[in-house]
Amino acid sequence: MVDAHTHVVPARLSADTARDPRWPSVELSGDKAAVMIDGKVFRRIDSRSWDVRRRLADIDEDGTAMQVLSPMPELLSHWLPPNDAEYLAETINECIAGMVGEAPRRFAGIGMACVQDVPRALAQLQRIKALGLAGIEIGSHVDGIALGSEVLHPLYEVAEALDLCIFVHPLHPAGLERIGAGPEFAATTAFPLETALAAVSLLAGGVLEKFPKLRILLSHGGGALPWILPRLDYGWSLGGEMQKRMTRPPREIARGFFYDSIVYDGPALQFMSSAVGSNRIVVGSDYPFAIRQKDPGTFTRAALPDCPGILADNAFAFLGPVFDVEIQHAANSDRHSVAPQQA
């Protein structure tokens, strides 16, 4: 089983007064740490975020053959000045590549780029490819720029040409002021809505139609997108602006995204599968954070027992041909031995 949605934070990320005040840093204390942003604790973490041996022990325990490592979303820092953002991305990418290098049969890596400055990001995509990473993670918007905006189309064009995937994760979601409650409601409530907004922006911007070989994974089951596809389809059927922006029904185009399984409820995952297709769903956990879905393989197998591709094949379809995959099925076992190698 491949867990396609996990996050990392480097153990060492120094504060730097010469950089923007929003520059993130890590204050380490034994096997615990605090991620600091703008002089405040953003999140308290532990060594699971960076310790390869501890991660391997955890994934062995739940039968995971491979984790896909990606940055903690706040580290994407789409709001930093380009010089700072470019340097931070290089630092995080080296960290992820280093972790993958310690256990290349057990980890794949997704990095990040300075997407607030597209020309810099395009150069970074080349370096990401050279590091052996499978793609990049981006937020659900780039400091207010919608993902479907034509400003970002060169990023998608080059990612497609380089055979790099894109993992979309909610970041600084809209709507918290409408909830009128504490920040803990962001991850549970606003994130799924934010992911849907990002997905609809990609649909309205024609991204999947203009770049048909681009592989995009929507986190958290695509958020609310599967549930609003019938409404989008009906709106599209009425003609007008929606048909100018999308040449096919939205549901049909949306089946070109990949989706992770982090929905916490079997019937919800079954509905998602009926809406977007089981061949587009990958296992995810959100490890190592508190919101994570524990034992994601067992959850996914119970909800979709007749869809074995979800356990590994779909994840490798998302990661792309950089991986030469050998999956050995042990008799009477759900464990997989997976060996990715540079193509």
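Predicted model: local features only at pLDDT ≥ 70, side-chain atom pairs only at ≥ 80, totals over all residues.

Visitor: Let's start with His78. What makes it buried?

Guide: Its relative accessible area is 2%, and the cut-off for buried is under 20%, so His78 counts as buried. His78 is in the loop between β5 (66-71) and α2.

Visitor: Which residues does His78 touch, leaving aside its neighbours within four places in sequence?

Guide: Val115, Gln116, Ile138, Gly139, His141, Val142, Asp143 and Leu171. In sequence, His78 and His141 are 63 residues apart, and their C-alpha atoms are 8.5 Å apart in space. The contact is counted between heavy atoms, with a cut-off of 4.5 Å.

Visitor: How do you know whether Asp295 is buried, exposed or partly exposed?

Guide: Compare the number with the two limits: buried is under 20% and exposed is over 50%. Asp295 has a relative accessible area of 33%, so it's partly exposed. You'll find Asp295 in the loop between β13 and α12, and its phi is positive, about 50°, although it is not a glycine.

Visitor: And what about His220, buried or exposed?

Guide: Buried: its relative accessible area is 12%, against a limit of under 20%. His220 also has a positive phi, about 55°, without being a glycine. Its place is the loop between β11 (216-218) and α8 (225-237).

Visitor: Why do you say that the buried residues of α4 line one face of the helix?

Guide: In α4 (residues 153-161), the buried residues are His153, Leu155, Tyr156, Ala159 and Glu160. Looking down the axis of α4, these fall within an arc of 155°, so they line one face. As background, an α-helix has 3.6 residues a turn, so residues three or four places apart point the same way.

Visitor: What covers those buried residues?

Guide: The cover includes α3 (118-131), β7 (135-139), β10 (165-169), α6 (184-204) and α7 (207-210). After α4 comes Asp163, with a positive phi near 65°.

Visitor: What makes a set of residues a nonpolar core?

Guide: Members are buried residues of the nonpolar kinds, joined through side-chain atoms within 4.5 Å. The largest such core here has 87 residues, and those touching the most other members are Ile136, Leu147, Tyr156, Ile166, Ile216, Leu225 and Phe257. Helix α2 (residues 82-102) gives the largest share, nine residues. Another core, of 17 residues, lies apart from it, with Ala4, Val282, Phe316 and Phe318 among its members.

Visitor: What makes β2 and β3 paired strands?

Guide: Pairing takes at least two bridges. β2 (residues 24-29) and β3 are joined by six and run antiparallel, so they qualify. One of the bridges has Leu28 partnered with Ala33 in β3. The two strands form a hairpin with two residues between them, and Gly30 in the turn has a positive phi of about 65°.

Visitor: What does β3 do on the β4 side?

Guide: β3 and β4 (residues 40-46) also pair antiparallel, over six bridges. That's a hairpin too, with two residues between the strands, and Asp38 in the turn has a positive phi of about 55°. Five of the six residues of β3 (residues 32-37) are buried.

Visitor: Finally, why are β1 and β13 called edge strands?

Guide: Eight strands form an open, parallel sheet in the order β1-β5-β6-β7-β10-β11-β12-β13. β1 (2-8) and β13 (281-282) each have a single partner strand, so one side of each is left without a neighbour in the sheet.

Note on methods
Residues numbered from 1 in each chain as written. Heavy atoms only, no water. Buried < 20%, exposed > 50% of the residue type's maximum accessible area, 1.4 Å probe, protein only. Helix = DSSP H or I, 4+ residues; strand = E, 2+ residues; numbered from the N terminus. Arc of directions from axis to C-beta.
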